[in-house]
Amino acid sequence: MKTRTPKVNGKRARALKVVRLSGAARNHAAEIPAPAPLKLKSILVPVDFSSPSKKALVYAQAFARKFGAAITLLHVVEPIPWSADYGYGEVHGVGPNEYLLKRCRSQLETLRRRQAEALSGCQTTVRSGKAFDEIVKAAKELDADLILLATHGYTGLDHTLLGSTAEKVVRHAPCPVLIVRPEERDSV
Amino acid sequence: MKIQPAKRSGNVLVESGPADELLLERSERFGAEEKTPFKLKNILVPIDFSACSKKALQYAIPFARQFNATLTLVHVVQSNYFPGGEFSGGYDFARAVKELRESGGQQLAKLVLEEVDEFVRVKTAVRAGPPVQEIVAAARELESDLILLSTHGRTGLKHVFLGSVAENIVRLAPCPVLVVREHEREFVAN
């Protein structure tokens, strides 16, 4: 049976150059996987200016670069408990530590400016309250998709006495939590 | 690029222009550039076959595809310290653990067949012992770069307490830990 070259754009195809697909192109045509549906848009990174949180910043940079996510740096200042006696017994309360709040706001700003090229457009916020509680509240407010937290990795007596913010955040978080620690096998 | 059927059956005529050559070159380099910030090669996913572990697997598969990493699913048969000899009450714990290991391996294989597609490299492992120590030891041995963990495993106290397994792994892990939970704000499309 006589075959004719099919019509392309209404015209018969002329003699075309034959190009063999090179090895690389052949592999690419077969191996391109479907894009993975990871949509990370907003990451909350609590920092406490210690060396483990530097690790968290490194990871935050990598995530921001890879997924184009918006980073929010958060620092939590513990409030000051006060007690007073107004004549009908002692009353107790907690109040925000204004001095420390101001200092930490400026420290966080300098941190953000130093990280400016790596984390373009990251927000900073300083809250007052219990660390894990404020972190969880901030994650809910900002609709964070991920909390990137560094843990000191205390074990033994330190762990019993100091406890761990990371563990408490993991318990109550409204979204996935990535915990990194200072000495470990890195993924970044 | 114009592709046409040729006179001989089974062959094609391809006309490729300079723009196409450029595209092919760029696509070769594309994968190499992407890999530089992250070096995530091995992901460890502890599985206890609860609904929450399936959630961890749902996260693990897109991660593995995104970073071209190998997944290792590990199931730990809880065998802490059993009484032996005349205190065992006539129950052969060793054999029970062995049978649990075998059935765990089979269930893992079934899970892999059901959930994981062929674009992801998967390995499975079954270990016996105290769960936290076994998972941490597995992470060290396999040199995993990430542990993907789900909370609310088989604890019986849902919605109130985090499974102590997850909490302790967060403490003792040799690598970053990603903790997911069943009902939460997700960043993985279903």
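Which residues of α6(A) are buried? Keep that in mind while we get set up.

This is a predicted model, where local features need pLDDT of at least 70, side-chain atom pairs count only at pLDDT 80 or more, and totals for chains, interfaces and linings use all residues. Residues are numbered from 1 along each chain as its sequence is written, while chains are lettered from A and ligands numbered from 1 in the order in which they are written.

**Stop 1: chain A.** Of its 188 residues, 31% count as buried. Buried means 20 or more other C-beta atoms within 10 Å of the residue's own, exposed means 12 or fewer, and partly exposed is in between, with C-beta atoms placed from the backbone.

**Stop 2: helix α6 of chain A.** Now pick residues 165-172 of chain A. Here's the answer to the opening question: T165(A), A166(A), E167(A), V169(A), V170(A) and R171(A) are buried. That's six of the eight residues, so α6(A) is largely enclosed by the rest of the structure.

Stop 3: Axes here are lines fitted to C-alpha atoms over the stretch in contact, and angles run from 0 to 180 degrees between N-to-C directions. That angle makes the pair oblique (under 35 degrees is roughly parallel, over 145 roughly antiparallel, 65 to 115 roughly perpendicular, and the rest oblique). Show A131(A), F132(A), I135(A) and V136(A) on α4(A), plus T165(A), K168(A), V169(A) and H172(A) on α6(A): these make the contact. Contact means C-beta atoms, placed from the backbone, within 7 Å.

**Stop 4: the core.** Next, select V45(A), I147(A), I43(B), A60(B) and I169(B), which touch the most other members of the largest nonpolar core, a group of 84 residues. Such a core is a set of buried Ala, Val, Leu, Ile, Met, Phe, Trp, Tyr and Cys residues joined through C-beta atoms within 7 Å. Its largest share, nine residues, comes from helix α2 (residues 51-67) of chain B. Zoom in on V45(A): among its contacts beyond four places in sequence are A56(A), L57(A), I71(A) and L148(A).

**Stop 5: R127 of chain B.** Finally, find R127(B) in strand β5 (residues 121-129) of chain B. R127(B) is partly exposed, with 19 other C-beta atoms within 10 Å. Leaving out residues up to four places away in sequence, R127(B) touches V74(B), V76(B), E134(B) and A138(B).

Conventions: Helix = DSSP H or I, 4+ residues; strand = E, 2+ residues; numbered from the N terminus. Contact = placed C-beta atoms within 7 Å.
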